[in-house]
Each structure stands twice: as structure tokens, then as C-alpha cells.
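Reader: Can you walk me through this one? Keep it brisk, please.

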Amino acid sequence: MSDQAKVRVLLLESIHHDAVTRLEAEGYSVESVRNALDEAELIERIKGVHLLGIRSKTRVTAKVLEAADSLMAVGAFCIGTDQIDLLTASASGVAVFNAPFSNTRSVVELAIAEIIAMTRRLTEKNALMHDGVWDKSADGAHEIRGRRLGIVGYGNIGTQLSVLAENLGMHVSFYDTADKLALSNAHRCASIEELLETSDIVTLHVDGRPGNAGFFTADQFKRMKPGSLFLNLSRGIVVDHLALRDALVSGHIAGAAVDVFPKEPKGRGDEFVSELRGLPNVILTPHIGGSTEEAQSDIGDFVANKLTHFVQDGNTTLSVNLPSVALPEQEGMSRIVHVHINTPGVLAKVNSILAQHSVNVEGQLLSTRGEYGYLITDISGDYSAEVLDQLRGMEQTVRLRVL
């Protein structure tokens, strides 16, 4: 957009004020909403919005994207993007950005804290003390040193957790469907069954892709060692909570820590309903794995920067759905950003149109990703509206922007 003052931003789910400050510093009009919006509410609010910021609860569906008449980009101020219809976003030329690293440390520290708390049975001791009961006993309390931690999902969070756990004297095993380099002395398990059968503590750090829904069920809990501990700080949909409750009530699982749930309240203060409420040695937290002031500040600044660079320069570095392109800005140039279907000859056709109108190309960069291509072209001098009309009229064109 050439007139930055007209950029409208809608931020949902109490995104950190650092993001608001960063976006307002560019002259954007920013509206910040405390809670998530459901599909109907978001469809109503999305009209005229150029940048949308969400966290994990708001779902950006195909219907929302179809109703978005001005949307340029979506910022997920979190790690996951499974709440966004990425295929439809790509087909609309809407870039999606997230924060893949900013809250990693916060999630890892919560996992470590909960592992220690459950191993020492701190939640039960704390509850008894508040009830006036002095239960000074070592029964069921252990050190984490020497115990084996099984990590399911060895991504950014899983690997950092692996390192910190080893530094605390734990043995680490991990399982991941992708080939991952084992850090330090971590042991890669050939199957998830091997991990479950040999680990004292199992922690999930997987993404929310549809294939992961309901993958941890009663069968997986039965394979875990008797008296072992379980953590899920990834996605609520991956675990059967009724099966987890049964495993806890039977005593097969000695404790659990759960931060994410299949259905979560929309806003702060709403009632939380779960099969896991009221169980001893179960730590329930309201999806706060990444909710530290440090992480939320970093996320706010990181994603807001990605959005502003996309608006102003067309750069898509670390976009999760469009090809990654970053062309340094040149003074006195006009920049044409072209999102297109990835078919042979697109670049030649674009340059042919520019040549026909004697438009001088000063810089150009093209990248493709699956079905789509992303082309940035810097031009000098004047150009006619007919040039843009012809570029927009190409059968491969998905979206054209002039900066």
C-alpha cells in the first residue's frame, strides 16, 4: 500500500502492547480486542482490515478469508498456525507469519517446573498444607536426576527441553517422525512404543496438524511404565482426556500436567470444564506455556516487524505459506509484488509486459513454493496504469501490489 496511514490492523486475544506500539509507530490504525472471536464475529469484523493478528483460539477459516476484502497478511502471535486455513490464504495471496522461536524458553521452563513439581508431589503437599494437614513424608517423592524423560516431537521446544533436562542430570529419549539430530547424549527411539515403554516421564511437543488429532489414546497410556508421569504442552486435540483420566484414577499414571485442552474458554474468567478437574497430582494450567511477559513481548515485536516489512517492502522472510523473498529496498524505486500460480514462463511474461512499455527493471527476485510463486520487481521511472492492468490480467496472477 502506498498510503501507510490507511492500513487498518485488528489484533485479537490480548496481543502484547509491544505489537500495538510497533504497528502504531508506522502510522497504522490499530484496534486491539481482548478475547477471541468466533467465525461469525470475525467475518463481521474483518471487512476493511489489512492486517489481522491472532493467537491460538481464533480460527481464520476459508469463510473468514473469503469475507476479507482488504486483508494482506495474518500474524499468528504464537508458534502454531493450524488455526489458519493456509491453503485458502495462499490462494488469496495473503501472507501468514508466526513466531516459531520467541516463546520456546518459556514453554521449556514450564515443562521443567512441572516435571519437578510432579516428581516431588508438590501440588498434593501444597493442598494438604492449605487444609491444615502436616504430611512430612518422603513417600512417592523422587529426584529427577537419573530419571528418563521421553520427548515426543523434537522441534524447537523439544530440543531445548532435551538440553536443559540433561543439564539437570536426566536421561533423554525422543521420538519424531522427521529425521532430527540428537543433541548431546539424547537417544533417538525407533518407535513411539519404545519411548513409552522406557521413559519415566513422557512429554508431548507436537503440532496441531489434523493427522495428530487423537493420536495419544488409551493404547498409548497402557504402554507407558506404571507410575510414570505425563505432560502435554502442545495441542489439546492430540490427547484423549477421558483415557488420561482413567489412567490417572487407576494409578497407572502417577501424575499429569496439562496446559492445552480440546475445548478452551474464549476469554479470561470464563468457566473451565474438563474431565481432569479435581484429580490429585494433576497440574492444570490455562494454556500459559508461552505466557510470560518476556515471551509475549518478544512475540509481539517479532510478528509486528514481519507484518510491517511485508506491508512496506513486500518481504516474506519466514512466511509459513508464501515463498520466502527479501529484496533490499532501493531509494527512488517503485516495487511491484506479484503472487502467482507456479507455472513455467511467468517471469518471462512479466518481463515481456514491462519491456513492451519500456519499463526499466532495476532489481528482481523470484522464489517458488509448491503451487505458488512470489516475484518482487523494482522499477525506475514512470509507468502507466496499463502495465498494472496487464500484469493483473495474467491468468497466473493471484495478487498484485505496488509499493
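Author: Naming first: helices (H or I, at least four residues) and strands (E, at least two) are DSSP runs, numbered from the N terminus. This is a predicted model, where local features need pLDDT of at least 70, side-chain atom pairs count only at pLDDT 80 or more, and totals for chains, interfaces and linings use all residues. Residues are numbered from 1 along each chain as its sequence is written, and side-chain values use heavy atoms, leaving out hydrogens and water.

Reader: OK. How many helices and strands does the chain have?

Author: There are 13 helices and 16 strands. Along the principal axes, the C-alpha atoms fill a box of roughly 85 × 45 × 35 Å.

Reader: And what percentage of the residues is buried?

Author: Of the 403 residues in the chain, 49% are buried. Buried means under 20% relative accessible area, exposed over 50%, partly exposed in between (1.4 Å probe, protein chains only).

Reader: Is E13 buried or exposed?

Author: E13 is buried, at 8% relative accessible area. Compare S184: again not a glycine, with a positive phi of about 50°. S184 sits in the loop between strand 7 (171–175) and strand 8 (187–188). At 58% relative accessibility, S184 is exposed.

Reader: How many bridges join strand 13 and strand 16?

Author: Five, in the antiparallel sense; strand 13 covers residues 334–341. V337 has R401 of strand 16 as its bridge partner.

Reader: What does R401 lie over?

Author: R401 lies over the face of F310, 4.7 Å from the ring centre. The criterion is NZ of Lys or CZ of Arg within 6 Å of the ring centre and within 35 degrees of the ring normal.

Reader: Helix 12 then. Which of its residues are buried?

Author: V346, V350, I353 and L354 are buried in helix 12, which spans residues 346–356. Down the axis of helix 12 they fall within an arc of 100°, so they line one face of the helix. That arc is taken from the directions from the helix axis to the C-beta atoms.

Reader: Which exposed residues are on the face turned away?

Author: A348, A355 and Q356 are the exposed residues there. After helix 12 comes S358, with a positive phi near 55°.

Reader: Last topic, rings. How many aromatic pairs does the structure hold?

Author: Seven. Rings of Phe, Tyr and Trp (its six-membered ring) pair if their centres lie within 6.5 Å; planes under 30 degrees apart count as stacked, over 60 as edge-to-face and the rest as tilted. F215 and F216 make an edge-to-face pair, 5.9 Å centre to centre with 85° between the planes.

Reader: Which residues do the ring pairs link into a cluster?

Author: F215, F216, F221 and F230. F215 is partly exposed, at 23% relative accessibility. F216 is buried, with a relative accessible area of 0%.

How values were computed
Two strands pair if DSSP finds at least two bridges between them.
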